[in-house]
Number of protein chains: 2
Amino acid sequence: MALTPLDRNSPMPLWAQLEADLRTRLEANEFAESFPTDLELTEAYKVSRHTVREAVRHLNKTGVLKRERGRGTVVNRAEFEQSLGTLYSLFQSVESAGVEQTSEILRLEVTTDRLAAAQLGIPEEAQLVLVERLRLAGGVPLAVDRAWLPHEFASTLLDVDWSHTALYAELAKAGAPVPNQGWERLTPIVPSSADRAMLGLQKSDAAFFLERLGCRDQRPIEWRTTIIRGDRYRFVTDWSAGTRSELRPTAD
Amino acid sequence: MALTPLDRNSPMPLWAQLEADLRTRLEANEFAESFPTDLELTEAYKVSRHTVREAVRHLNKTGVLKRERGRGTVVNRAEFEQSLGTLYSLFQSVESAGVEQTSEILRLEVTTDRLAAAQLGIPEEAQLVLVERLRLAGGVPLAVDRAWLPHEFASTLLDVDWSHTALYAELAKAGAPVPNQGWERLTPIVPSSADRAMLGLQKSDAAFFLERLGCRDQRPIEWRTTIIRGDRYRFVTDWSAGTRSELRPTAD
DNA sequence: TTTCTCCGTTTGTCCGTACAATTGGACGAT
DNA sequence: ATCGTCCAATTGTACGGACAAACGGAGAAA
């Protein structure tokens, strides 16, 4: 992917234009092998090292890059993927603990769903692909995951081997759009007896209920609900005055 | 409070020393009236404007300052207080919605508690002050809050008018240490029938259970549990690829 | 083959300068 | 009293330069 020359007549600062271009190239996985050095970027974009460092500093506000003097800059893939929201942070925290994640298909079908359609902003009679899975960590139930996606571009999901757990990878493989932004909402619930049975929960156990809307180019393309065991997974934070703290999912 | 001169022989970068000094002064509320300009800081600490801007940039990583060209720098108190963890973020989100927060004392007594003592790292027979309150937002129950603090320095809490909601302000007023860091843990629970009654919850309702340890100078001085209605308050996040996202509490 | 040294590369730190964009207050005009 | 103009103050943007700290690879020595 060719770089975008900077526009010195633009009211947008040079560092901001440079950051946007680098971000686009980063999301296109162009820096998997190596990230350009400060010198390479000054030469490629014809700006000073100060401007390059300012752009990279902003790009790196989320810790997506690892920079070290003498060594250079590499892309922190784990951090990049963690930026796909709470659900993927949870999956990643399980993976970081070295626990194998698998899933069992509960339902894989074309259906309609009034609530999902409403969230996706499409007619309620529109056909949706429902992927309902029981997710396990180390063979133990972790969550019941239900994803509804418009049939018009998610139909290829019907032909997938779902013992893997990567919905987005399957979408990408099929050339379908993959969500890259959205919102999530976390609520405590008492699961239904059917969900309790699947998760191996007692009658007195509560669980987390995560609702998630995934969009591409501002367009909703994924509505998802996930019931997460609250006895094995919870959210923790270290807080400190003057320092931003954030809840992160962790296994008990 | 006098500023701390920078040590140019220290391996610690100048900007890092300057940041630490500014942070200390910020926590001592020294910049309530005004935050020094870049020029004032270069003159006071005898460093370049570049070093000053680097220090302020780091200090401001949490958004605790608001900087604008032409206007100057002011302290963002709301952001600073929000950095006291999820519980205070919740309280603040209610306040930002313009809803009055009050509290009713349920229990205010000297007691012992094995779990609290364990979390505080003191003998289980040690005397603790228990402040148990029902917290309301706009007259509607929001949470049941229980705080245990060692009696040796929290005894003044026994003489307080608790219709206000500011535990830390009361501690500060009494000259007692106030927590400035710690950890929190969020779990979903089915509340007891007593707690359900106080919160106005149905039998089928789950709630959030927040456990929190507050420390000062690395020493635990507050153990706290809070049951938060899950039907009225939840955690939401906006996520975006390549950008850090965080769950924040919000009223429904 | 292994270890050590040297050196080039890379980012971090620090300095200085210049100018632009924005803000707010002072002051004059109405 | 109100409005408009001007200007100083303040932060943001951009450049250039210099040197330090850390790293890794090449090549020599053992």
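Predicted model: local features only at pLDDT ≥ 70, side-chain atom pairs only at ≥ 80, totals over all residues.

Modeller: Helices and strands are runs assigned by DSSP and numbered from the N terminus; a helix is a run of H or I with at least four residues, and a strand is a run of E with at least two. Residues are numbered from 1 along each chain as its sequence is written, and chains are lettered from A and ligands numbered from 1 in the order in which they are written.

The part I pick is helix 2, which covers residues 38–45 in chain A. Chain A has nine helices and ten strands.

One word is needed before we look at helix 2. A residue is buried under 20% relative accessible area, exposed over 50% and partly exposed in between, with a 1.4 Å probe and protein chains only. In helix 2 of chain A, the residues Asp38(A), Leu41(A), Thr42(A) and Tyr45(A) are buried. Viewed down the helix axis, these buried residues fall within an arc of 100°, so they line one face of helix 2 of chain A. The arc is taken from the directions that run from the helix axis to the C-beta atoms. Leu39(A) and Glu43(A), on the other side of this helix, are exposed.

What do the buried residues of helix 2 of chain A pack against? They pack against helix 1 (14–27), helix 3 (49–59) and strand 1 (65–68) of chain A. A contact here means heavy atoms within 4.5 Å.

Next comes the end of the helix. In chain A, helix 2 is followed by Lys46(A), whose phi is positive, near 60°. Most residues other than glycine have a negative phi.

Chain B can be read in the same order. Asp38(B), Leu41(B), Thr42(B) and Tyr45(B) are the buried residues in helix 2 (residues 38–45) of chain B. They cover an arc of only 100° around the axis, which puts them on the same side of helix 2 of chain B. Leu39(B) and Glu43(B) are exposed on the other side. The cover over the buried residues of helix 2 of chain B includes helix 1 (14–27), helix 3 (49–59) and strand 1 (65–68) of chain B. Lys46(B) follows helix 2 of chain B, and its phi is positive, near 60°.

Asn29(B) lies in the loop that leads from helix 1 to helix 2 of chain B. Its phi is near 65°, a positive value in a residue other than glycine. Asn29(B) counts as partly exposed because its relative accessibility is 41%. Elsewhere in chain B, Asp217(B) has a positive phi of about 55° although it is not a glycine. Asp217(B) is in the loop between strand 7 (207–216) and strand 8 (219–229) of chain B, and at 64% relative accessibility it counts as exposed.

How are the two chains related? Chain A can be laid on chain B with an RMSD of 0.1 Å by a turn of 180° and a shift of 0.0 Å along the axis. The two copies are thus related as by a two-fold rotation axis. The superposition is by least squares on the C-alpha atoms of residues with pLDDT of at least 70 in both copies. Of the interface residues of chain A, 100% are also interface residues in chain B, so the copies meet through the same surface.

Now the wider setting in chain A. Its C-alpha trace spans about 65 × 45 × 30 Å along the principal axes. Chain A has 252 residues, and 49% of them count as buried. Among the contacts of chain A with a separation of 6 or more, 55% are between residues 24 or more positions apart.

Leu210(A), in strand 7 (residues 207–216) of chain A, counts as buried because its relative accessibility is 1%. Ser96(A), in helix 5 (residues 86–96) of chain A, counts as exposed at 66% relative accessibility.

Note on methods. Heavy atoms only, no water.
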